[in-house]
Amino acid sequence: DTGVSQNPRHKITKRGQNVTFRCDPISEHNRLYWYRQTLGQGPEFLTYFQNEAQLEKSRLLSDRFSAERPKGSFSTLEIQRTEQGDSAMYLCASSLAGTSSYNEQFFGPGTRLTVL
Amino acid sequence: AQRVTQPEKLLSVFKGAPVELKCNYSYSGSPELFWYVQYSRQRLQLLLRHISRESIKGFTADLNKGETSFHLKKPFAQEEDSAMYYCARMEGAQKLVFGQGTRLTINP
């Protein structure tokens with residue numbers, strides 16, 4: 001499968017624990033995005049990277065959230081001191097920046113987080 | 001905030017009937033709009049974008065700036081069209097702003 005992959009697919013944790021998710025983009029894609037989707041809502045933008053640089057962060061990304069893309073390839077999203085409100089599907093997407101104004105974002109299957 | 005609104009959470013039509021999924025946006029300029037689809041047990045994928053003015057799987061969407069709408073239409077629904085549909089707008093250079101989604105069910 002050459003698409004975007006995310007691990008783990010499901011994570012159940014207790015309130016207060018830290019969790020980390022991984023996203024592997026399509027290999028030649030230089031842009032990587034994180035979105036969060038709660039039940040009954042559409043995905044909400046969290047942050048995006050171009051290569052290893054984090055270029056934009058949403059106000060949704062509190063100081064308990066941190067994302068990295070150290071070598072411009074895979075990315076990790078860490079949530080510290082999880083809260084029940086963090087329960088959601090975390091989606092990763094990637095795209096190839098080019099000369100056109102829009103570069104299609106390809107989505108991964110998501111990581112479903114449940115905080116008990 | 002610049003929003004994308006999908007007023008129907010659920011839409012159910014019979015096979016062969018026309019389908020229209022509504023999408024309205026709030027933006028004063030020239031928006032870049034998309035429809036994404038998620039079939040059961042599959043990942044979110046792009047269905048079409050307004051700038052390309054193409055028809056994908058029989059679906060079309062026309063941007064109506066006067067009504068600030070970007071409704072998705074198909075003249076004859078098929079069972080395989082059952083899915084979750086999201087209207088989205090590009091904000092800034094890169095991020096997508098999604099509507100709440102409409103679950104479309106095609107009844108046989």
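A residue counts as buried when its relative accessible area is under 20%, as exposed over 50%, and as partly exposed in between (1.4 Å probe, protein chains only). You are looking at a predicted model, in which local features need pLDDT of at least 70, side-chain atom pairs count only at pLDDT 80 or more, and totals for chains, interfaces and linings use all residues. Residues are numbered from 1 along each chain as its sequence is written, chains are lettered from A, and side-chain values use heavy atoms, without hydrogens and water.

Start by selecting Cys23(A), which is buried at 0% relative accessibility. Its disulfide partner is Cys92(A), at 1.8 Å from S to S (a disulfide is a pair of cysteine sulfur atoms within 2.5 Å). Cys23(A) sits in strand S3 (19–24) and Cys92(A) in strand S9 (88–95), so the link ties together parts 69 residues apart in sequence (strands are DSSP runs of E, at least two residues, numbered from the N terminus). Cys92(A) is buried too, also at 0%.

Now hop to chain B and pick Cys23(B) and Cys87(B), joined by a disulfide of 2.0 Å from S to S. The torsion about this S-S bond is about -65°, so the disulfide is left-handed.

Next, show where the chains meet. Contact (heavy atoms within 4.5 Å) involves 22 residues from chain A and 16 residues from chain B. Zoom in on Glu56(A) and Lys95(B): they form a salt bridge, with the closest N and O atoms 3.1 Å apart (the rule asks for a side-chain nitrogen of Lys or Arg within 4 Å of a carboxyl oxygen of Asp or Glu). Finally, colour S4(A), which gives the most to the side of chain A that touches chain B, with four residues.
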